[in-house]
Every structure is written in C-alpha cells, then in structure tokens.
Amino acid sequence: MLELAKVIYKRQDTKEAQLHAAQAHLKLGEVSIESENYIQAVEEFHSCLTLQQKYLEAHDRLLAETHYHLGLAYHYNNQYDEAVLQFSKSMEVIDKRMVMLTERLRAKGEGLAEDEKEIEELKGLLPEIKEKIEDSKESQKSARVAELALKATLVGGSSSSFSQGTESSLTSTIAVGQTADGASQCITDISHLVRKKRKPEEEAQQGDNEAKKSKPEPAVNGGGDAAPSGNEVAEKMEEEVGS
C-alpha cells in the first residue's frame, strides 16, 4: 500500500501530493528499519528529505523528524559519522523552530498557549538527540579500536605463521639434507661390493693378461733361459752319478 501510495502521489505535481509522497517514503523507511534493512531505510529517508526540503520551510518540524530518522538508519548501519551529521542537522532545525516561535510570541502575542507548549516539547527533544550524538561518537571510537585490534591480530598472526613456516622449512631442509648424506654414505660403503660392467676394451685387455699369466715365467736368475723341467733335472743327476 505504501509503495502504491508513493507512486500515485509522486505523479501529481501539487505541493500537497508531493508532501504526501514524502510521508510515504518516511513510513517505508521506518518499515525498513524494523526489518533491519538499513540501506533501504537510508534511501527512503533521503527521498523523503529531498521532497520536504523542496516544499517546506527550514524550521519545519517534519525536517527535524526526517533528519532524526535518517541518523538512526545510519547509526544502525554502523555509519557513525553520517549519523552524527544527521542528528546535528535535526537539532539545527529544532533550534530554528524554537527561535521562530519565540520571535512570534514576542511580536504578536497570539496563540501563546500553543507556541509555548511546542517550545517546551522541542526543548524536551534536544537531550534525547544529544544522547544519540554521543552514542554514535562512542560507537565510532569503539569501532576504530576494534578495527585496530583486528589489524594488529592479523599482522601478528601473519608474522607468527611466517616464522613457524620458516622454521618448519629449515627443519625439513636439514632433515632432507641429513637423509641425503646418509644415503650417499651408505652407497659409498657398499660400492666395492658392486661388480661394474666392463667395457669391451677392458675385457679384451683382461683376456690378454690372463693368457700371459698361463705361459711359463722366464727365469729370474739371469740368462733369460726357461727354467728346466723335473725330467731334465733327473736325467742330469743320473749322468753325473754314472760318470
């Protein structure tokens, strides 16, 4: 219904219709706050304020009300600077309203009861708005402290993770190095047990050496003659005995 009313009134160009459309925006903003849709509430209150500023005087109480609701929406959305600004503007409108009423009382003296009553009502609103301003400022300080604490925690956590990662990396490197050295030592220790495959040239050379070893060794007592066999020695001894 509010959406439909807003559309209908905004199609009309009269001041009254536009102010009704502004009130529809205001009510939609209140509904958005109740449903905790604060971004939508901010949009509705801004639309309301735009229409009201176009058709209302600067001291109109409706402007003060809209600024106040807009401040609440900003506060609930954790936009504390904007909330303080809107609450302050609401107080400015109320101050202007009080000045206007006071001057009218002094000038004409008409409607004294109503004007005096409204002034008292306005005075009663100021402490509540001031309290909202202080709440927003305190919430802003708390939010900044929490943000700094979070950043410090994240930086500290990152440094700790980096240190732990570095130590772990060094430990792994040392362990791997030790394992590699141990494996290398083991391979060195058993290398003499492994029979290497010889090249064809080495095998041919070894065959020649074995063939040379199978031949009779030359005499080492000089002369270069071959050493006498066992039969030759026996025949020589018999000849010497017979002679």
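How do the residues of the lining of the largest pocket divide into nonpolar, polar and charged? Six are nonpolar, one is polar and three are charged. The views below come from a predicted model.

**View 1. The largest pocket.** The volume of this pocket is about 170 Å³. Its lining includes Arg 61, Tyr 68, Ser 90, Ile 94 and Glu 128. Helix 4 (61–76), helix 5 (80–107) and helix 6 (112–189) each give two or more residues to the lining.

**View 2. The largest nonpolar core.** This core holds 35 residues. Phe 45, Phe 87 and Ile 94 touch the most other members. Helix 2 (15–34), helix 3 (38–55), helix 4, helix 5 and helix 6 each supply at least two core residues. Helix 5 gives the largest share, with ten.

**View 3. The surroundings of Phe 45.** Neighbours within four places in sequence are left aside here. Among the remaining contacts of Phe 45 are Leu 26, Ile 33, His 69 and Leu 70.

**View 4. The aromatic pair of Tyr 38 and Tyr 76.** The structure holds two aromatic pairs. In this one, the ring centres are 5.5 Å apart. Tyr 38 sits in helix 3 and Tyr 76 in helix 4, so the pair ties together parts 38 residues apart in sequence. Tyr 38 is buried, at 18% relative accessible area. Tyr 76 is partly exposed, at 38%.

**View 5. The aromatic pair of Tyr 68 and Phe 87.** The centres lie 5.6 Å apart and the planes stand at 55 degrees, so this pair is tilted. It links Tyr 68 in helix 4 with Phe 87 in helix 5, 19 residues apart. Tyr 68 is buried, at 16% relative accessibility. Phe 87 is buried too, at 1%.

Technical notes
Residues numbered from 1 in each chain as written. Predicted model: local features only at pLDDT ≥ 70, side-chain atom pairs only at ≥ 80, totals over all residues. Heavy atoms only, no water. 1 Å grid on protein atoms, 1.4 Å probe; cavity = no way out; pocket = protein on both sides within 12 Å on 5 of 7 lines; lining within 4 Å. Points joined across faces, edges and corners; volume = space filled by probe spheres on them. Helix = DSSP H or I, 4+ residues; strand = E, 2+ residues; numbered from the N terminus. Nonpolar A, V, L, I, M, F, W, Y, C, P; charged D, E, K, R; others polar. Core = buried A, V, L, I, M, F, W, Y, C linked by side-chain atoms within 4.5 Å. Buried < 20%, exposed > 50% of the residue type's maximum accessible area, 1.4 Å probe, protein only. Contact = heavy atoms within 4.5 Å. Phe/Tyr/Trp six-rings, centres within 6.5 Å; stacked < 30°, edge-to-face > 60°.
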